[in-house]
4 protein chains.
Amino acid sequence: MAHHDFAPTTYHNTFGSHAPVLEVDPGDTIATTTVDARGFDRHDAARAGRPNPQTGPFAVRGAEPGDTLVLLLHEARPNRARGWTTARLAPNVLDFGYEAGFAREIELASWAVDVSAGTVTLESPVNRLTGQPLPLAPMLGTVGVAPDIGEAISTMTSGPHGGNMDYNRIAPGVRVEFPVFTQGALFFLGDGHALQGDGEIDGTGVEISMDVRFTLDLIEGRTIDWPRAEDDTFLMTCGNARPLDQAVQHATTAMVRWLEDGYGLTTREAHMLLGRVVEYDLGNMYDPAYTMVCKVRKSVLAELGFAG
Amino acid sequence: MAHHDFAPTTYHNTFGSHAPVLEVDPGDTIATTTVDARGFDRHDAARAGRPNPQTGPFAVRGAEPGDTLVLLLHEARPNRARGWTTARLAPNVLDFGYEAGFAREIELASWAVDVSAGTVTLESPVNRLTGQPLPLAPMLGTVGVAPDIGEAISTMTSGPHGGNMDYNRIAPGVRVEFPVFTQGALFFLGDGHALQGDGEIDGTGVEISMDVRFTLDLIEGRTIDWPRAEDDTFLMTCGNARPLDQAVQHATTAMVRWLEDGYGLTTREAHMLLGRVVEYDLGNMYDPAYTMVCKVRKSVLAELGFAG
Amino acid sequence: MAHHDFAPTTYHNTFGSHAPVLEVDPGDTIATTTVDARGFDRHDAARAGRPNPQTGPFAVRGAEPGDTLVLLLHEARPNRARGWTTARLAPNVLDFGYEAGFAREIELASWAVDVSAGTVTLESPVNRLTGQPLPLAPMLGTVGVAPDIGEAISTMTSGPHGGNMDYNRIAPGVRVEFPVFTQGALFFLGDGHALQGDGEIDGTGVEISMDVRFTLDLIEGRTIDWPRAEDDTFLMTCGNARPLDQAVQHATTAMVRWLEDGYGLTTREAHMLLGRVVEYDLGNMYDPAYTMVCKVRKSVLAELGFAG
Amino acid sequence: MAHHDFAPTTYHNTFGSHAPVLEVDPGDTIATTTVDARGFDRHDAARAGRPNPQTGPFAVRGAEPGDTLVLLLHEARPNRARGWTTARLAPNVLDFGYEAGFAREIELASWAVDVSAGTVTLESPVNRLTGQPLPLAPMLGTVGVAPDIGEAISTMTSGPHGGNMDYNRIAPGVRVEFPVFTQGALFFLGDGHALQGDGEIDGTGVEISMDVRFTLDLIEGRTIDWPRAEDDTFLMTCGNARPLDQAVQHATTAMVRWLEDGYGLTTREAHMLLGRVVEYDLGNMYDPAYTMVCKVRKSVLAELGFAG
């Protein structure tokens, strides 16, 4: 259960079987940093190129294909005072033929991020949102592992390996499980957001560099199909695909399986319970693969006497 | 601001320009009943045929195309002790080729509904959910008006006129606005659910007959494109379409317009605010048109100084 | 087997259970006219309003729900010298964020239609297409019957009842079968196009009024789910839905069933044959429901010894 | 313009920046072989693992990112006497809840392939298709180049780099252009099919090993976004994505651009011409990315005086 401080010097634009930057034991904790989606660090210095440069990969000793990697995200804290977003919603989320009526050229907005005050405040462009603090809610847009069969997948998109899910509950306190496809699992992280609405519908989340602290652990011999997450309130399964319909199909099927293999429900019980209590989040509707999240409240399972 | 007690004797399977069963003034309140999705009433007597037989239509004096109808839903209370659901998730929400491994024939589950205790409890089939109370959360699966150009649209589906949205926040305390397409607006309601998860992913919501009390009001000369709803916490716009992507597009576009025409934001402000704070619900992913709901917390608007 | 000449005076904007304008016996032939998509007749006189005003409905004596209506389309001939289109592709068929770079305002193009020469020639706007004849290929954008449970469905869209499928093989020589949902079947037709590409991707098809001649016939006691068509070359099943994926699903399933119930293939034979020889057309990707068509060459079935 | 005979000994399951097996000059011709989708060669000997093992990559001297690679496919000829398919349609192309009513276990069908007779004939399972020759129509399911930013993408799917498009017009006589993303372009090919219907709707195309002969050429300094193909009859642009709607959007946008940059049409002319004459093919609706193809007849362009 060692602690590692790791200062990255290289970054990756794909989730793939890259040489690990650090090898750790299951249960070890790592403190490191991430650059923002365009590769700028805490000093606003360019450190890497687009898209979404990743810190890592971190190898976990003993991880083999068919195992499950566990991420405990302790901290994801902006480490500079300013982040950026686009200033318009993506056409993906608006009616065909919608015309915003404002200048189309991409124009980045600038936001002041104050970690101690817990606020994110628009600086420019100037309008009636400017200067009004919104609550800080840091998250990581990308967390994932090396994919199967030697694939190297762009950090712009996501899949069964995780990746650029841009889901705003991947935040401090979350526990995420990933399928292991390669020796060492090879965990990557990046694309910190200081504040992002559901769906990342403007394509950004107040993009910012971060100090991150997390533990990696291993469940040997237990295989999952898609990333699963858990916080104090919810079990969450992520489906990454287009259209949203297919993302729901992956996430719901994964939740049925989790209730079966993790909580001991029969298939019939899992179906009937989900029909009554399921919830969904729209993770992102911007990236090449969209993300839908299927959720069940842990309190519901506890009250029914189902234990994980 | 009269109060009307109305006992229905006829029911409709389409939202259309049917003869009104009652004409009321804007601001009047109506107490009536609804039968369940298969047409059974409080005595479990068959009163109407499938699909989703509707009580109404109620005409509002003075309502003209281009106006907005307002529904204030005060009460939707199950009026019998037993509801039903399917006992399996719909293929719509599961992976292609998913096999449940239990008998495929449709088998209805039976649930005890206890309004005073606030519980919904599985009676049959018998499994580990049986006998364990879940919290009652009554809602109306269908609320809507007569559509445009003389259309008569099945109560199985939904559209700009509302209809079978199966969205679980259409519950007591909600205020819903509908576009008016015909003289009198012609409001219908039905398809009560005692407890439904997000997405109505098993196609049902503990289907039950209800006692309902609501007020109808009118906003003359103000035109909207899609149903808008509001409760203590959220502004909500409903988009009804397939795939879910298109439902999101309708709902998000409608929310941009609401922030503009209702709260005075510029288009740029509306885009930038939604990117930071938007939330979404999956209304249903079962009916011929799926429903996605775009939400904004009213507290966020209030803190920013935007008033409706 | 009477012949009827029918001069329409009323038009409908929904497929619904409207009073029939003429009642005919199975096997009777009708010669009539259609107005264009905006309601203009052979003299360019406005006769009806949008959308897609329909001639009819024509009732067939003896048609009952569960029967199949047969349309034999003998002739669909433009009856004036000029049709119109839009002058730009719909955003539906172009990448998110695509910008054409030409003026956005809708601007109708004008086309000279010469039936005796068999040509369609752009008149305006003036560009290098202007004055260059393209081959005339007349078709009917809308053919359909009254839908089920008393629905009245806009002539902008389509469904199991047919409707606005905008499929360019609904042309002289085609035989189309429709499910019968109401007494008399109630057949409607309209929305003539002089020349339309696959998918109606600019939303139009050189819109023009027409002289039409067709026979209506009846297959009693044989029930189909979706419109089926047949010409000299192909069996064709139409699926109408969004997204295109779902339209393919309806059309393919309907073709499996046609091979089973019409040509005596087992389910396994139908699956295995389609895997080898199926073809698809994109009917439309513009209307509220998109249309995909599943096709099998009749020569393939004949060579294999399967007879309909 | 050398000729190379190349006997592969290694195969790849990803399109990626693998070491080239052969480097050729622009204009050179290569004769080689491909194994079938499960890695079996002409002797039915296992040579590689799934999915879709690829022959290559072949590097073209001088190819740089931003260039266009040209494939002239001269020959793709089955080199053994037997191929295989599944024996059922994929759930992707059938209605939700469709039940085939035959045994669900995957069971491979066996087909005799006779190149000299030009036939493909079912051997087993035995039904009324067995022993009846269908016309041979060889094609390559996968053709593509190494993708951008160092991605390595599974040979099960497709994208802007080409890949597993499973489009049945990628057949002898076709000319295909690919974007070049890496030095040398790195061309791969495989997944031969003796006969495949549109859409690869049973997931297979009479899978077989092949002798292949092709020329690789280079267009320096001309950049394209998606694979473009051309045969005697058609210009074809491929869009690879889900749902089919998005694949159409990519393909149509790419065709507009081809008419502009390759044939000199203005944007307005390209839009107006496509609205009248466009055709579409369903490439595949089985792989992780679906493929739609936008087509224009070359004779139409020639008659209008537009030359490529």
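What share of the 308 residues of chain A counts as buried? In this predicted model, the share is 59%. A residue is buried if 20 or more other C-beta atoms lie within 10 Å of its own, exposed if 12 or fewer, and partly exposed in between, with C-beta atoms placed from the backbone. Because the model is predicted, local features need pLDDT of at least 70 and side-chain atom pairs count only at pLDDT 80 or more, while totals for chains, interfaces and linings use all residues. Residues are numbered from 1 along each chain as its sequence is written, and chains are lettered from A and ligands numbered from 1 in the order in which they are written.

Chain A holds three helices and 21 strands. Helices (H or I, at least four residues) and strands (E, at least two) are DSSP runs, numbered from the N terminus. The radius of gyration of chain A is 19 Å, close to the 19 Å given by the globule rule for 308 residues, so chain A is as compact as a globular protein of that length. The radius is taken over C-alpha atoms, and the rule is 2.2 Å times the number of residues to the power 0.38. Along its principal axes, the C-alpha trace of chain A spans about 55 × 45 × 35 Å.

Chain A is divided into domain 1 (3-81 + 137-219), domain 2 (82-94 + 107-135) and domain 3 (228-304). These bounds come from an automatic or database domain assignment. The centres of domain 2 and domain 3 of chain A, taken over C-alpha atoms, are separated by 31 Å.

In chain C, strand β19 (residues 234-241) is mostly covered, with seven of its eight residues buried. Strand β18 (residues 228-230) of chain C runs antiparallel to β19(C), and three bridges join them. Two strands pair if DSSP finds at least two bridges between them. A hairpin of three residues links β18(C) to β19(C). C:A229 has C:M236 as its bridge partner in β19(C). Strand β21 (residues 290-297) of chain C is also antiparallel to β19(C), through eight bridges. Here C:G239 is partnered by C:M292 of β21(C).

In chain D, helix α1 (residues 244-263) has 20 residues, which at 1.5 Å a residue should span 28 Å; its end C-alpha atoms are 27 Å apart, which agrees. The expected span is 1.5 Å times one less than the number of residues. Of the 20 residues of α1(D), 15 are buried, so the helix is largely enclosed by the rest of the structure. D:G264 follows α1(D) and has a positive phi, near 75°.
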